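This report goes through selected side-chain features of one protein model. Please look at the sequence and the structure before reading on.

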Amino acid sequence: MCVDSAGCELEACSSSDEVHTLSGSMSAALKPSARELRACSPRQRCCAALERLRSPTAAAGILSFGNVLNYLDRYTVAGKRDNTHTLIDAAAASLFLCVVFICSFMVAAPIFGYLGDRFNRKVILSCGIFFWSAVTLLSSFITKEYYWLFVLSRGLVGIGESSYSSISPTIIGDLFSSNSRTIMLSVFYLAIPLGSGLGYILGSSAKDAAGDWHWALRVSPLLGMIAGMLILLFVPEPKRGSSDQPSSRMKSRTSWVCDMKALGKNRSYVFSSLASAAVSFATGAFGIWIPQYLFRAQVVQKTAVSCTVQPCSSRDSLIFGAMTCVTGLLGVVIGAATTRFCRQKTERADPLVCAVSMLGSAIFICLIFVVAKKSIVGAYICIFIGETLLFLNWAITADILMYVVIPTRRATAVAFQGFTSHLLGDAGSPYLIGLISDALQKSYATSVLWQFLSLGYALMLCPFVIVLGGMFFLATALFYLDDRDKGRVTVSFSLKGPPGQIKVTYITS
């Protein structure tokens, strides 16, 4: 027979002498007597079934699914871009839709980082998903006359999504360790390119199929509600630091001010956050401008004509979205495999792999603007290789943070890394690129060739920022081992005395 942890007899069990429980098995000598056994109620059986499904792997899969929806919703609006916009109009659209979203996202992130280090994380995640799903669904019914209300809704969505991005990686960090954690974080961060690409595809496809891109905003909310319920039911709330060495399991928390001082002194964390901001700068600018840049390249080559009547073709957004999915998947998988191999050669493998990939990415991204005027196929090849190398470091950067930051301040660290990445990265890069291009275009405003070239010259800022990010990863490699060792050290001792026991914990990182 089989019993659960409450002593309830379960049906359809073997009649062997071994008694199985949710936490393991017990011998026949320890088997409870018939008087102790009782029939399980439907509620107890349901709880027992749910407990068996709450495995770390299932939890990582659910959190990854939620992250896909997070980025799908974020880039759906970008996928509906029209080629009729002038650069000034497009820059303004980027400001009000992209920048407002990112600004609200990064302002809310530190708040959720604080909450994530001190309260139940999966409840915060679920509330965040339900909130942004509801706001997204309601925003799909806003008409053009109330554009300001739509902008406000995107800001509210950013607040909801910031809770997810700030907290969910820390749960995976507490469920897995070592190479397993790297693999699971890689799966989690596969959601960034996959969700971003699907957002482009969904936004442009809805516009072509239904004639109204707002229909795209009615798909992700339903899936978001499902993800929120799955998190509540199947994602456990692990103890902070449970996957780390026993010596690093924190039994007390430090103040927020102390956490911020410690993070500011953690050189590996600071430099890797600055490098992450460089990646965010490039991906944010590319996501908004590359499809339009490639369209203008085709106009220059006379293989396409400027769109003056709606609806315009979304082929470039579809191709770029599909390419973002593929390159993101390849980049994260290659990054995880490369890091795992290089760890056998050097303990500084994580930041070194990131540095080399970013420097290599800068080369191919520069080539995009060289070959685009003559060959669209050549430009797509350069984009494919450049994006693959750029996306290679996403999961590795998160793994670096898990190694160099103690468990009880990881949510705060993730939140402020996201804050820095957006503040110095994609919060302003799309608008900055648009302003530079507009300034260059003023002399020859009616020239199709100069419209193409001015946007290309503005986008040339991205590879220089990527090289700077590679330098930051090299700086991270210099301090990585020291900061990693400090993150593992916790000194604690007990002072015994009547009438009880006082326990004092010192955190040295």
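Is T388 buried or exposed?

T388 counts as buried, because its relative accessibility is 9% and the cut-off for buried is under 20%. The model is a predicted one, and this value is computed from it, as are the others in this report.

T388 belongs to helix α13, which covers residues 376–391. The T388 side chain makes a contact with the backbone oxygen of F384, at a distance of 2.7 Å.

## Aromatic pairs

How many aromatic pairs does the structure hold? The count is 8. In one of them, F188 and Y189, the ring centres are 5.0 Å apart and the planes stand at 90 degrees, so this pair is classed as edge-to-face; the class requires an angle over 60 degrees. Both partners are covered: F188 is buried at a relative accessible area of 2%, and Y189 is buried at 14%.

Another pair, F271 with F472, is stacked, with 6.3 Å from centre to centre and 25 degrees between the planes. This pair links distant parts of the chain, as its members are 201 residues apart. F271 sits in helix α10 (residues 267–300) and F472 in helix α18 (residues 461–488). F271 has a relative accessibility of 24% and therefore counts as partly exposed, since that class lies between the limits of 20% and 50%.

## Ring cluster and a charge over a ring

Which residues do ring pairs link into a cluster? They are W256, F416 and F419.

A ring also takes part in a contact with a charged side chain. R181 is placed over the face of Y403, and the distance to the ring centre is 5.0 Å.

## Nonpolar surface patch

Which helix gives the most to it? That is helix α5, residues 147–175, with 5 residues.

Key:
Residues are numbered from 1 along each chain as its sequence is written. This is a predicted model: local features need pLDDT of at least 70, side-chain atom pairs count only at pLDDT 80 or more; totals for chains, interfaces and linings use all residues. Side-chain values use heavy atoms; hydrogens and water are left out. Helices (H or I, at least four residues) and strands (E, at least two) are DSSP runs, numbered from the N terminus. Rings of Phe, Tyr and Trp (its six-membered ring) pair if their centres lie within 6.5 Å; planes under 30 degrees apart count as stacked, over 60 as edge-to-face and the rest as tilted. Buried means under 20% relative accessible area, exposed over 50%, partly exposed in between (1.4 Å probe, protein chains only). A charge sits over a ring if NZ of Lys or CZ of Arg is within 6 Å of the ring centre and within 35 degrees of the ring normal. A polar contact is a pair of N or O atoms within 3.5 Å; within protein, one must be able to donate a hydrogen and the other to accept it, and residues adjacent in sequence count only if both atoms are side-chain atoms.
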